[in-house]
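Welcome, and take a moment to turn the model around before reading on. The paragraphs below walk through it one region at a time.

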Amino acid sequence: MNIKSRLIRRVTLAAAAAMLQLYGFAVYYAFSLPDSYYICTGTTLEVDTLLHIDAAPTDPAVQTASVGTNAVNTETLKLFGVIPIKEVEVQQVDRPMLVPCGQAFGIKLRMGGAMVVGMDDVETTSGERCPAQEAGIQTGDLIQSVDGVEIDSNRSLQEAVEASGGEAVTITLLRGEETLRCTLTPAYASDDNRYEAGVWVRDSSAGIGTLTYYDPASGTFGGLGHPVCDVDTGDILPVSSGEACGVTITEVQKGMIGEPGMLQGTFSQEAPLGTLSCNNRCGIFGTLKACPTDAQAIPMGFKQEIVIGEAEILCTVDGDTPKRYTAEIEEIDYHGTDSTRNMTIRITDPALLSKTGGIVQGMSGSPIIQNGRIVGAVTHVFVDDPSQGYGIFCENMVRYGISGS
């Protein structure tokens with residue numbers, strides 16, 4: 001083989017190796033990049049990666065769906081405009097301008113029924129029985145009425161059962177999104193001298209979280225970044241009504257390895273800040289009477305604009321005034337099944353680490369700010385390292401806050 005032939009062979013092998021490597025990158029990006037994107041109206045999709053990626057309409061004449069007035073188009077991501085990576089959905093939206101908050105707030109939530117959190121046998125003169133279990137009632141069910149009488153508290157449920165005189169009653173309940181009816185025959189409790197259903201129920205909940213954002217265009221807010229769940233069942237608590245209240249942080253229980261810390265505070269006796277309207281997988285949402293801060297609205301960052309690196313969080317760990325603290329976004333997960341754990345963050349601010357040990361309970365909802373945009377909120381702490389935790393994409397909170405589900 002002459003020199004020219006060997007040179008051609010080497011160049012061919014090098015080119016083939018380079019192409020294989022590029023296709024390897026394409027496979028990597030196919031798994032690591034999101035399957036759907038929001039972009040600003042009138043712009044094109046830009047994907048921030050080490051290698052150049054273009055997005056082009058898969059079929060310019062076809063739109064896959066329509067959400068409101070904003071079309072959802074299918075586009076193909078291509079490496080260097082040549083090697084196809086995958087098809088993605090792209091929706092043009094007006095970029096929200098949101099006020100980053102960071103204030104601790106009190107949550108007073110009423111469920112509009114009585115949620116079953118446990119069942120117990122009733123001791124009768126003829127032995128033990130559990131009427132609720134016999135009727136097919138399950139833990140997590142929301143009892144809404146008894147024989148047509150609306151149930152809005154533990155007390156109203158007990159009164160309705162007692163009024164039955166032991167006769168069978170019709171229970172209307174909500175299980176998930178399904179409305180069911182069952183027949184329950186109360187048992188006469190020999191010790192308490194009254195008719196009982198054999199259930200433990202909860203009709204309200206209260207706690208402390210952090211406001212993430214305020215939308216000045218609509219007067220609405222989002223907080224927590226994860227749902228308010230029942231401590232016994234783990235189910236998301238339904239919201240019938242509720243209030244967002246002012247809170248003053250009075251003490252911090254510092255987080256340690258294996259022992260998550262906690263913010264402790266007192267609810268304000270003044271008028272509520274606003275009302276609650278929705279509690280879902282991405283947070284708790286409602287309307288405020290006024291913007292809770294003098295801060296100016298800033299753009300919401302789309303998920304593809306978030307980068308690994310420096311960021312800030314806003315939170316309140318003393319009194320009622322939020323402060324900025326440095327943090328680091330260490331990982332971004334576009335494909336996790338949990339919509340509240342989209343990124344891993346680490347607290348790097350010495351003052352916050354000294355005060356709290358990192359992330360503590362009550363800081364959920366603390367807005368994450370990067371490159372002048374509000375990109376997410378703190379949601380969870382790592383039990384084995386309180387300086388680390390998870391964050392949710394802000395676009396997830398805004399989307400679920402608008403949809404209410």
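Let us begin at a residue on the outside. This is a predicted model, and in it N371 is exposed, with a relative accessible area of 61%. You will find N371 in the loop between strand 26 (367–370) and strand 27 (373–382). Its phi is positive, about 55°, although N371 is not a glycine. Most residues other than glycine have a negative phi. A second residue to look up is L224, with a positive phi near 70° and again not a glycine. L224 sits in the loop between strand 17 (220–223) and strand 18 (241–253). Is L224 buried or exposed? Its relative accessibility is 5%, so L224 counts as buried, the limit being under 20%.

Now step back to the whole chain. Its secondary structure comes to five helices and 28 strands. Of the 405 residues in the chain, 44% are buried. The accessible surface is about 20,100 Å², and carbon and sulfur atoms hold 50% of that area. Among the contacts with a separation of 6 or more, 68% are between residues 24 or more positions apart.

An α-helix has 3.6 residues a turn, so residues three or four places apart point the same way.

Next, go to the interior. In soluble globular proteins, nonpolar side chains tend to be buried together. Here the largest nonpolar core has 25 residues, and I313, V317, L352, M363 and I368 are those with the most contacts inside it. Strand 18, strand 23 (309–315), strand 24 (323–332), strand 25 (343–347) and strand 27 each supply at least two residues of this core. Apart from this core lies another, of 20 residues, among them C40, F285, M300 and I392.

Strand 20 (residues 274–280) shows how strands sit side by side. Five of the seven residues of strand 20 are buried, so the strand is mostly covered. Strand 20 runs antiparallel to strand 18, and two bridges join them. In this pairing, E243 stands opposite T275 of strand 20. Strand 20 also pairs with strand 21 (residues 283–288), in the antiparallel sense and over six bridges. There G274 stands opposite L288 of strand 21. Strand 20 and strand 21 form a hairpin, with two residues between them.

Charged side chains make up the next stop. Side chains of opposite charge can pair when their charged atoms come close. A search of the whole structure finds 12 salt bridges. In one of them, R346 pairs with E330, and the closest N and O atoms are 2.8 Å apart. This pair links distant parts of the chain, with R346 in strand 25 and E330 in strand 24, 16 residues apart. R346 is partly exposed at a relative accessible area of 25%, and E330 is partly exposed at 27%. R346 also meets D385 in a salt bridge, at 3.4 Å from N to O. D385 lies in strand 28 (residues 385–393) and R346 in strand 25, so this pair ties together parts that are 39 residues apart in sequence. Elsewhere, R95, E305 and R373 are linked in a network of salt bridges.

Finish at M256, in the loop between strand 18 and strand 19 (262–267). M256 counts as exposed, at 51% relative accessibility. Leaving aside its neighbours within four places in sequence, M256 is in contact with V383 and P386. The C-alpha atoms of M256 and G358 are separated by 8.9 Å, while the two residues are 102 residues apart along the chain.

Technical notes: Residues are numbered from 1 along each chain as its sequence is written. This is a predicted model: local features need pLDDT of at least 70, side-chain atom pairs count only at pLDDT 80 or more; totals for chains, interfaces and linings use all residues. Side-chain values use heavy atoms; hydrogens and water are left out. Helices (H or I, at least four residues) and strands (E, at least two) are DSSP runs, numbered from the N terminus. Buried means under 20% relative accessible area, exposed over 50%, partly exposed in between (1.4 Å probe, protein chains only). Contact means heavy atoms within 4.5 Å. A nonpolar core is a set of buried Ala, Val, Leu, Ile, Met, Phe, Trp, Tyr and Cys residues joined through side-chain atoms within 4.5 Å. Accessible areas come from the Shrake-Rupley method with a 1.4 Å probe; for residues, only the protein chains shown count as cover. Two strands pair if DSSP finds at least two bridges between them. A salt bridge is a side-chain nitrogen of Lys or Arg within 4 Å of a carboxyl oxygen of Asp or Glu.
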